[in-house]
Amino acid sequence: PTELFVDVATANYHLKQNAPAIDAGNRILEVTDDLEGTIRPSGVSHDIGCYEVAQSTGSDFLCTSLVIEKGKPRAGTPESLNAVDDDAVVIKAVNLGDGFGTIVVCRFDTGLPAVSTLSIILSSRPKLFPQHQVVELLNPGTGSWETVDSRDLSTVADGSVTVAVSNPSRFRAQTGQVRISIRTGDVAQTNWKHLIDMVKIRAGQ
């Protein structure tokens, strides 16, 4: 309980920031707010419990352009990444050198003159487990990709994540663009597909 709740001793059962119950519940379309009226889900899925954690402030931006750098496209468009529904981007894994997987790059046109808060909200479903997934952001100043999240995926639930980015201003291009790379795979088995349901960012000045 101490890693989940703000203060059990005073019956404050709001979830702590970064509690493992955040985004770990089932997504129920009929449930649109919590006991206090906070919109849910705030992230990629509902938080477990009766209170939703309002995640980083800012506006949501959808993918403007999708490039499949490694993988064979099977279905979907950038619009398929706008929400968790039956429409997904489907990619067949290819050889990445150390194993088979996929690499996609999403561009977001924020139009913001500055970015002080940034979260990445991602939901994907590899058809083969376990997997490893690395999320990177392009630093326009250096021209290099920087890793902002690296994790193992053991179940379908592991594919729904919200990544809070520290020091996000360095990832905004002068045009306001933000670019994200998602590498999933590096496994020996060749015949599997990657379904990406949603990729969006929440950015604020």
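Predicted model: local features only at pLDDT ≥ 70, side-chain atom pairs only at ≥ 80, totals over all residues.

**Notes on the model**

1. Val67 counts as partly exposed, at 41% relative accessibility (buried means under 20% relative accessible area, exposed over 50%, and partly exposed in between, with a 1.4 Å probe and protein chains only). Val67 sits in strand E4, residues 65-70 (strands are DSSP runs of E, at least two residues, numbered from the N terminus). Setting aside neighbours within four places in sequence, Val67 is in contact with Ile103, Val104 and Val105, where contact means heavy atoms within 4.5 Å.

2. Residues are numbered from 1 along each chain as its sequence is written, and side-chain values use heavy atoms, leaving out hydrogens and water.

3. Do look at the largest nonpolar core, which has 26 residues (a nonpolar core is a set of buried Ala, Val, Leu, Ile, Met, Phe, Trp, Tyr and Cys residues joined through side-chain atoms within 4.5 Å). Phe108, Ile120, Leu137, Ile180, Ile196, Val199 and Ile201 have the most contacts inside this core. At least two residues each come from strands E6 (89-92), E8 (100-109), E9, E10 (131-139), E12, E13 (177-187) and E14 (193-204). E14 gives the largest share, 4 residues. There is also a second, separate core of 5 residues, with Leu15, Ala19, Ile22 and Val53 among them.

4. Phe108 deserves a look of its own. Not counting residues up to four places away in sequence, Phe108 touches several residues, including Phe61, Leu62, Cys63, Ile180, Val199 and Ile201.

5. How much space lies in the largest pocket? The volume is about 750 Å³. On a 1 Å grid over the protein atoms alone, a pocket is an open set of points where a 1.4 Å probe fits, with protein on both sides within 12 Å along at least five of seven lines; lining residues have an atom within 4 Å of a point. Grid points are joined across faces, edges and corners, and the volume is the space filled by probe spheres set on them. Of the 32 lining residues, Ile22, Asp23, Val44, Ser160 and Val161 are the closest to the centre of the pocket. Strands E9 (117-126), E11 (144-153) and E12 (160-164) are the elements that give two or more residues to this lining.

6. On the cysteines, the count comes to 0 disulfides, a disulfide being a pair of cysteine sulfur atoms within 2.5 Å. Cys106 is in no disulfide, and the nearest cysteine sulfur, that of Cys63, is 3.9 Å away. Cys106 is buried, at 1% relative accessibility, whereas Cys50 is partly exposed at 35%.

7. Some backbone details are worth checking by eye. The peptide bond from Phe129 to Pro130 is cis, with omega near 0 degrees, and Pro130 lies in the loop between E9 and E10. Asp186 is not a glycine, yet has a positive phi of about 65 degrees; Asp186 is found in strand E13 and is partly exposed, at 33%.
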